[in-house]
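This briefing looks at aromatic contacts, the nonpolar core and helix packing in one structure. Please keep the coordinates open while reading the points below.

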Amino acid sequence: MIGIYELVERIQAELEWGRISKLTLSDSYDTVLPAYEKLEKAFADNPYFLYNYAAVLLEKKQYDKSLEIALQCRKYWADYDLELILGENYQQLNKPKLAEKYYNSASMMCPSRFLPLYKLFHLYKMNGEKERSLAMAEAVVDKPMKIETVAIKRMKREMEREIQKINIVTE
């Protein structure tokens with residue numbers, strides 16, 4: 001009897017999570033957050049739920065809570081996207097060394113990706129580290145594209161402009 005009750009409870013939680021996941025796609029974060037909070041206990045050991053919850057919290061700029069949930073998720077698995085969430089949270093919480101650690105980790109997990117290098121550029125630029133930001137900008141520009149996308153082309157153009165700005169200032 002207890003097993004059936006727990007199974008029904010779990011099914012209801014799964015259905016609710018499915019419902020709020022769809023709301024997240026429509027940017028209804030104010031509706032979604034309370035639902036995620038209620039489900040947190042039921043899915044405390046589910047890395048997929050924890051990842052989604054951390055991402056929603058990051059989107060709502062609740063960096064401390066997002067970081068807490070992301071670190072909880074990391075106990076179960078390390079993932080490229082999760083490393084980026086951790087890096088972003090630490091950057092927003094003004095912990096550049098930890099942000100750098102997670103951006104570098106994401107870069108090592110997927111060396112062909114541009115986003116970790118792009119994030120590192122902005123982290124270094126924000127902290128006034130011209131040499132390091134220049135190195136990251138050059139890395140983005142020099143990195144070959146496996147698949148040409150608008151986003152990558154945009155990053156490369158932005159980094160080319162940033163390199164010019166840095167070179168003009170240092171001349």
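A charge sits over a ring if NZ of Lys or CZ of Arg is within 6 Å of the ring centre and within 35 degrees of the ring normal. In this model, which is predicted, Arg-113 lies over the face of Tyr-80, at a distance of 4.5 Å from the ring centre.

**Aromatic pairs**

- The structure contains 7 aromatic pairs; in one of them, the ring centres of Phe-43 and Phe-49 are 5.1 Å apart and the planes meet at 35°, so this pair is classed as tilted.
- Phe-43 has a relative accessible area of 0% and is therefore buried, and Phe-49, also listed at 0% relative accessibility, counts as buried because the limit for that class is under 20%.
- Tyr-90 and Tyr-102 make a stacked aromatic pair, with 5.6 Å from centre to centre and 15° between the planes.
- Because Tyr-90 belongs to helix α5 (residues 80-92) and Tyr-102 to helix α6 (residues 96-109), this pair ties together parts that are 12 residues apart in sequence, and both tyrosines, Tyr-90 and Tyr-102, are buried.
- Ring pairs also join Tyr-36, Phe-43, Phe-49 and Tyr-53 into a cluster.

**Nonpolar core**

- The largest nonpolar core comprises 44 residues, and within this core the residues with the most contacts are Phe-49 and Tyr-53.
- At least two residues of this core come from each of α2 (29-39), α3 (47-59), α4 (63-74), α5, α6, α7 (115-126), α8 (130-142) and α9 (150-170), with α3 giving the most, at 7 residues.
- As general background, nonpolar side chains tend to be buried together in soluble globular proteins.

**Packing of α5 and α6**

- Helices α5 and α6 pack with their axes 7 Å apart and at an angle of about 160°, which means that α5 runs roughly antiparallel to α6, since angles over 145 degrees are placed in that class.
- The crossing in which α5 passes α6 is left-handed.

Terms used
Residues are numbered from 1 along each chain as its sequence is written. This is a predicted model: local features need pLDDT of at least 70, side-chain atom pairs count only at pLDDT 80 or more; totals for chains, interfaces and linings use all residues. Side-chain values use heavy atoms; hydrogens and water are left out. Rings of Phe, Tyr and Trp (its six-membered ring) pair if their centres lie within 6.5 Å; planes under 30 degrees apart count as stacked, over 60 as edge-to-face and the rest as tilted. Buried means under 20% relative accessible area, exposed over 50%, partly exposed in between (1.4 Å probe, protein chains only). Helices (H or I, at least four residues) and strands (E, at least two) are DSSP runs, numbered from the N terminus. A nonpolar core is a set of buried Ala, Val, Leu, Ile, Met, Phe, Trp, Tyr and Cys residues joined through side-chain atoms within 4.5 Å. Axes are lines fitted to C-alpha atoms, for helices over the stretch in contact, and angles run from 0 to 180 degrees between N-to-C directions. Angles under 35 degrees count as roughly parallel, over 145 as roughly antiparallel, 65 to 115 as roughly perpendicular and the rest as oblique. A crossing is left-handed if the near helix is turned anticlockwise from the far one by less than a right angle, and right-handed if clockwise.
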